[in-house]
Amino acid sequence: FERSLAGDIVSPVRTSFQAWCSDDNCTQNSHVKAVEIRVANITGVPVQRYSEPFQVVRYEPGQFYRRHHDQNSHPDSLAGVRLL
């Protein structure tokens, strides 16, 4: 895990730690596969990799995630939030 970023910088709005599920040890894990299937079933988007890898976030006591934008675009723009 590494210190979480808000966009490309360390920011006081997000104090957690993060890791990306992008190597075979993670992407081929049976629990990860089960989550992918659940997401596909809920969203109707196939399991194939049409998105970035899962981001795993760890919070320790006192850490937080405040509202913020990772980019400078408006959240309602095409470059803003896409799927929650």
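A disulfide links Cys-21 and Cys-26, with an S to S distance of 1.9 Å. The term covers a pair of cysteine sulfur atoms within 2.5 Å. By that rule the count is one disulfide. The torsion about its S-S bond is about -110°, so the disulfide is left-handed.

This is a predicted model, in which local features need pLDDT of at least 70 and side-chain atom pairs count only at pLDDT 80 or more, while totals for chains, interfaces and linings use all residues. Residues are numbered from 1 along each chain as its sequence is written, and side-chain values use heavy atoms, leaving out hydrogens and water.

Buried means under 20% relative accessible area, exposed means over 50%, and partly exposed lies in between (1.4 Å probe, protein chains only).

Now the overall layout. The chain holds two helices and three strands. Both are DSSP runs numbered from the N terminus: helices are H or I with at least four residues, strands are E with at least two. Along the sequence the pattern reads β-β-α-α-β.

The three strands form an open sheet in the order 1-2-3, with antiparallel pairing. Strand 1 (2-3) and strand 3 (54-58) stand at the edges, each with a single partner strand, so one side of each has no neighbour in the sheet. Two strands pair if DSSP finds at least two bridges between them. Strand 1 and strand 2 (residues 17-21) pair in the antiparallel sense over two bridges. Here Arg-3 stands opposite Phe-17 in strand 2.

What about the loop between strand 1 and strand 2? Ser-16 is found there. Its relative accessibility is 0%, so Ser-16 counts as buried. The side chains of Ser-16 and Ser-4 are joined by a polar contact of 2.7 Å. Such a contact is a pair of N or O atoms within 3.5 Å; within protein, one must be able to donate a hydrogen and the other to accept it, and residues adjacent in sequence count only if both atoms are side-chain atoms. Contact in general means heavy atoms within 4.5 Å. Leaving aside neighbours within four places in sequence, Ser-16 is in contact with residues including Glu-2, Val-57, Tyr-59 and Phe-64.

Finally, the chain as a whole. Buried residues make up 19% of its 84 residues. Among contacts between residues at least 6 apart in sequence, 52% join residues at least 24 apart.
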